[in-house]
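Colleague: I'm new to this one. Can you put it up and walk me through it?

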Amino acid sequence: MLFLLFQIGEDRYALEARQVLEVLPLVRLKRIPRAPSSVAGMFDYHGTSMPLIDLTELALGKPSPAKMSTRIILTNYVLESGKKHLIGLLAEQVMETIERPESDFLDSGVAATDSPYLGSVAVENGRIIQRIEVSRLLPQSLREQLFCTRVESV
């Protein structure tokens, strides 16, 4: 399997390359007043506004630095209903891929209940790489805000 590597703070993470639609340079963002802190804002993608989730803010509570290696990873967020929504993930040091068999990624042994998006881990050159599970990235309240999934009762 092919994985896109990136950093959150000092740690390395991976996303399955088949989940990556495109890697974009950091573009001009439209901030959303009073949005949850992990929502960096919106950006224009071929005439459509896309929500941008800052992975560093989500995980560590501080924004990703605006560096040349900070990129937007365009992916689909698939709801329980099967409906897909394009979203951008802001990540640091998005510069390389690795090819590893699925069997190299093992259970981390830590139940991170406040971070359900953290998946299995592998070791590459003495460093631990942890997978990010896009399907578990957003809490229900944020999915409702971003994708208007709440059904109003009559």
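Modeller: First a term: helices (H or I, at least four residues) and strands (E, at least two) are DSSP runs, numbered from the N terminus. This is a predicted model, where local features need pLDDT of at least 70, side-chain atom pairs count only at pLDDT 80 or more, and totals for chains, interfaces and linings use all residues. Residues are numbered from 1 along each chain as its sequence is written, and side-chain values use heavy atoms, with hydrogens and water left out.

Colleague: OK. Where does valine 94 lie?



Modeller: Valine 94 lies in strand E7.

Colleague: Is valine 94 buried or exposed?

Modeller: Buried, at a relative accessible area of 6%. Buried means under 20% relative accessible area, exposed over 50%, partly exposed in between (1.4 Å probe, protein chains only).

Colleague: And what is valine 94 in contact with?

Modeller: Setting aside neighbours within four places in sequence, valine 94 is in contact with Leu4, Leu5, Phe6, Val23, Ser69, Arg71 and Ile73. Contact means heavy atoms within 4.5 Å. The C-alpha atoms of valine 94 and arginine 71 are separated by 6.1 Å, and the two residues are 23 apart along the chain.

Colleague: Ser69 was on that list. Where does serine 69 lie?

Modeller: In the loop between helix H1 (55–60) and E6. Serine 69 is buried, with a relative accessible area of 9%.

Colleague: Which side chain does the serine 69 side chain make a polar contact with?

Modeller: That of glutamine 93, at 3.0 Å. A polar contact is a pair of N or O atoms within 3.5 Å; within protein, one must be able to donate a hydrogen and the other to accept it, and residues adjacent in sequence count only if both atoms are side-chain atoms.

Colleague: Change of topic. How many residues are in the largest nonpolar core?

Modeller: There are 23, and Phe6, Ile73, Tyr77, Leu89 and Leu137 touch the most other members. A nonpolar core is a set of buried Ala, Val, Leu, Ile, Met, Phe, Trp, Tyr and Cys residues joined through side-chain atoms within 4.5 Å.

Colleague: Which element gives the largest share of this core?

Modeller: E7, with four residues.

Colleague: Last one, H2. Which of its residues are buried?

Modeller: Leu142, Arg143 and Phe147. Among the elements covering them are strand E4 (39–45), strand E5 (48–54), E6 and E7.
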